[in-house]
Structure formats: C-alpha cells, structure tokens
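Visitor: Please show me the structure, and then take my questions one at a time.

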Amino acid sequence: MQIERLGLDRAGRGPVCGVTLQLRPGERVGLVGPSGAGKSTIGRLLAGWVRPEGGTLVVNGAPVHRWPRPRWFHRQVQVLNQAPGASLDPLRTLGQHLREARRVAGRDDDGTAYWVAQGLSPTWLERVPGSLSGGQRHRAALARVLAVEPRFLVLDEPTQGLDPPRALELQAALDGLSGVGVLWISHRLAEVEARTERLGVVDRGRLVELGPTGQVLTAPSHPASRAWVEAARRWASGPEAEP
C-alpha cells in the first residue's frame, strides 16, 4: 500500500499535505508527533474513511480512485481505533459481528474456530458488547477486524484508555499477527520503539521524517522530530503532559 502527496482532509479535521508513505505486507510502521499534528487524519485517509482532495492511493500496485472506496478495498484495509469497542453494534451479539466479518472476507464459516484461535472464549459469542469489560471489548473488536483477513491494519492509539495488564494483552495479540502490514499511530514511545521497524514523524500535517525506528529515536534529523523524542522521553520518565 502506498499513499502519495495527500491533499486536504475534506472532513475538516485538519490539513494534511505532502505525505508520501509506503506500507508493505508484514511490515510495521509507526506514526508519531504532537497532538493535533495530523497522525489520525493520515490514518483515516489511508483507511478510506475520509475523502482526500488530491493525491494517489495505491494498493497492491493498483491505484484506487473510486469514492466511496470499493468493497474489496475494505477487505484489504481494516482499522482499530482509540475506542474499538464503540465500533461494535450494542444490539448484536459478538457471534453476529463475527459472522458478518467472515462474510466480508468471502468465507462461509461462522468464524468460531477463528475466534478460538485468537485465544477468546466461545461463550462470548452469545453475548452483546455491553456485557464485556473494556479490555474484553478491545480484544473482541480486534478479533472481528482480523476475521476479515486484511492485508493492512491501521492502529490508531489502540491501547489508549487500557490499564497496563489489558494493554499488554492487546499488544501480545497484535504481536502475533503474521503477514499483515501495520500502521501503528501512537504517542507512546515504548510502543513504537518495541513494535515498529520504521517510524514517521508528523508535524503540522506533514510527514517531516521517516526512517528506521532506532535511527529516528536516537538521531532524529528534523527539529520537530527532535522535539517530539525529547518530550516523549520526559513524559515516559515522569508525570508530565503527553507529547
């Protein structure tokens, strides 16, 4: 998947321009930057949630021009955002959510075996999302997303609001992914340092730096990158406002 020279976000969530980013199957790319810099907007544009005013989106070598994005596109690209449990219909059981995901994937099974393979209890499938804890809803939402069998996954602060044990559970589940390209949007230094291979820094709607994660975190070349890394390290070591 590749996005080139994205234009402004029509939804009015902030301007994003001059962004070129490539994400390969199986690769993990982090996206960081100060609050309001445009990280989530880039994720929404990449996932086809909002319509760009310009630029090119390429998936598996094929430019995607249609809007709304075609059904096959959403089979390829799925999103887990800051409140993934909110994406679950409160009136439908988890089993119904899972069966719908498998239909989108073009499969004729009910997804139970897939669900169990994710380490989740089959007894949950008869329950509605509101009967689960916040951490359980995160895991269920992730399982539904993965049941579509996407090639690319946009993670927008997926551990936000989780206590440390639940965050570690979710991270472990994400670590088990194979062959899926992951764009990991985060403000947490430890997450991107441990779980990404390349790291991009966003500032004022522009991708100002992109390189190997270790290199960006130890020897950032752009002033905005240096400022974010310094702020992130201070925040990680003490009770200060997040970067």
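Visitor: Does Glu 157 count as buried or exposed?
Guide: The relative accessibility of Glu 157 is 8%. Buried means under 20% relative accessible area, exposed over 50% and partly exposed in between, with a 1.4 Å probe and protein chains only. Because its value is 8%, Glu 157 counts as buried.

Visitor: What kind of model is this, and how are its residues numbered?
Guide: This is a predicted model, in which local features need pLDDT of at least 70 and side-chain atom pairs count only at pLDDT 80 or more, while totals for chains, interfaces and linings use all residues. Side-chain values use heavy atoms, without hydrogens and water, and residues are numbered along each chain as its sequence is written, from 1.

Visitor: What is the phi of Glu 157?
Guide: Glu 157 sits in the loop between β7 and α6. Helices (DSSP runs of H or I, at least four residues) and strands (runs of E, at least two) are numbered from the N terminus. Glu 157 is not a glycine, yet its phi is positive, at about 50°.

Visitor: How does Glu 149 count by relative accessibility?
Guide: Glu 149 belongs to the loop between α5 and β7. Its phi is positive, about 60°, although it is not a glycine. Because its relative accessibility is 34%, Glu 149 counts as partly exposed.

Visitor: Where is Pro 68 found?
Guide: The peptide bond that leads from Trp 67 to Pro 68 is cis, with omega near -5°. Pro 68 itself is in the loop between β5 (62-63) and α2 (71-76).

Visitor: How many residues of strand β9 are buried?
Guide: Strand β9 covers residues 198-203. On one side Arg 198, Gly 200 and Val 202 are buried, and on the other Leu 199, Val 201 and Asp 203 are buried, so that both faces are covered. The count of buried residues in β9 is 6 of 6.

Visitor: Which residue of β9 is the bridge partner of Leu 31?
Guide: Two strands pair if DSSP finds at least two bridges between them. Strand β3 (residues 28-32) runs parallel to β9, and 4 bridges join them. Within β9, Leu 31 has as its bridge partner Gly 200.

Visitor: In β10, what is the bridge partner of Gly 200?
Guide: Strand β10 (residues 206-212) pairs with β9 in the antiparallel sense, over 6 bridges. Their hairpin has 2 residues between the strands, and Arg 204 there takes a positive phi near 55°. Gly 200 has as its bridge partner in β10 Leu 210.

Visitor: How many residues does the largest nonpolar core have?
Guide: A nonpolar core is a set of buried Ala, Val, Leu, Ile, Met, Phe, Trp, Tyr and Cys residues joined through side-chain atoms within 4.5 Å. In the largest one, the residues with the most contacts inside it include Leu 94, Trp 115 and Leu 142. Its number of residues is 30.
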